[in-house]
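The sequence and structure are shown first.

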Amino acid sequence: MHPKRKKRLWLVIGVVIFSSAGIGLIAYGLSGNINLFYPPAEVAAGKAPHGQSIRVGGMVVEGSIQRSTSSLEVRFEVTDYAAVVPVIYSGILPDLFDEGQGVVAAGMLTEQGLFQATEVLAKHDENYMPPEVADALEKAGKLP
Amino acid sequence: MAWTWFHRLGSPPWIYHFAGRVLRYLLPLTLLMLCVGAVWGLAFAPPDFRQGNSYRIIYIHVPVSVVALAGYYVMAIAGAVSLIWRMKVADLMMRVAAPIGAGLTLLALVTGAVWGKPTWGTWWVWDARITSMVILLFLYIGVYALYEAYDNKTLAAKACAILSLVGTVNIPIIYKSVDWWYSLHQPASIKFTGGTTIDPSMLYPLLLMISAVYALYVCLLLLGLRAGLIDSESTTNWVKREVLGEH
């Protein structure tokens, strides 16, 4: 290789390494802000701010959904299997919202530790399968 | 040292004819793969147990997203070659890759939003995956715009190459964003290591569509390269011979 080209090759490698390191450090420094939501364990540990708009994400606890008979109000609990956060929400829920499914709720923590949600989003997981396969797995008790 | 194959890549007439020969076979093959993959995925693959039919957008969303990421490396490597060897063909390849990549990224964002509305309950959320994809779109558009902004095209190629090289850091960030941070976007279903969490009956048409969009990318790149070569070499004898049909 021509020495001039070799020099430029090292320059290119240098640009890639140093810019990656710089941006990597910025991303690492901001990682707390890049997270879309707080898991219930961090809410329980008091790391989530009160009286300020945040998001909480986790799985809806089986058997925790209570719908009001007279309004759109719904109460449920969100867990990351380490802690539980009770959520109250009034509005239309996405189709995929169900017990045992992932959700991300936006809203505010009240002083009583209740999460007053203004928006509830369903979080889909990475499992895709036909209904027959899901039925078979469910019968075997192995549905993810 | 056998550098002849590499230096031949820098010869415009050789590339022009080579691209033409490849396209003659690749273009029909790409169209066939796209048709078979789309019909298989949209009509014959089974519905998902939880999402029903709305998951079928995976057959467009995943292939265009994968190729949008891979295409960035094509642009950045072409940029590096253009910086190191001052090769005009590499410079042209970088410029051609930018709008194709921007188109694919935009398609990935739009199809994602269309799927997000019924599945998540929102068109848009600023999570790590989606935000880093928007940055990718801006990088592609930025490279394209930066080149147009310079009058001196040698300087333009240099600036674009450096911008695309700096942007490469974004690609692993996009890829790993769903694992590194809490995001609304689900983690990958197809993994290089470990189990794949998508049923084989849905996976095969998806793999076919991914291959088809890769092939489509190569076709678009070669078509753009040929058009760009004719344009930039328009005063040379080989282009005159080509256009006038004198062989």
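Across the interface of chain A and chain B the rule finds 0 salt bridges, a salt bridge being a side-chain nitrogen of Lys or Arg within 4 Å of a carboxyl oxygen of Asp or Glu. The model is predicted: local features need pLDDT of at least 70 and side-chain atom pairs pLDDT 80 or more, whereas totals for chains, interfaces and linings use all residues. Residues are numbered from 1 along each chain as written, chains are lettered from A and ligands numbered from 1 in written order, and side-chain values use heavy atoms, without hydrogens and water.

Chain A contributes 39 residues and chain B 44 residues to the contact (heavy atoms within 4.5 Å). Together the chains bury about 3700 Å², 65% of it on carbon and sulfur atoms; buried area is the accessible area (1.4 Å probe) lost by two parts on being put together, summed over both. A:L36, A:E126 and A:Y128 supply 19% of the area that chain A buries against chain B, more than any other three residues.

| Helix pair | Angle | Axes apart |
|---|---|---|
| Helix 2 (residues 12-44) of chain B and helix 8 (residues 200-232) of chain B | about 150° | 7 Å |
| Helix 3 (residues 58-85) of chain B and helix 6 (residues 153-167) of chain B | about 135° | 8 Å |

Helices (H or I, at least four residues) are DSSP runs numbered from the N terminus; axes are lines fitted to C-alpha atoms over the stretch in contact, and angles run from 0 to 180 degrees between N-to-C directions. Helix 3 of chain B is therefore oblique to helix 6 of chain B, since angles under 35 degrees count as roughly parallel, over 145 as roughly antiparallel, 65 to 115 as roughly perpendicular and the rest as oblique.

Methods
Helices (H or I, at least four residues) and strands (E, at least two) are DSSP runs, numbered from the N terminus.
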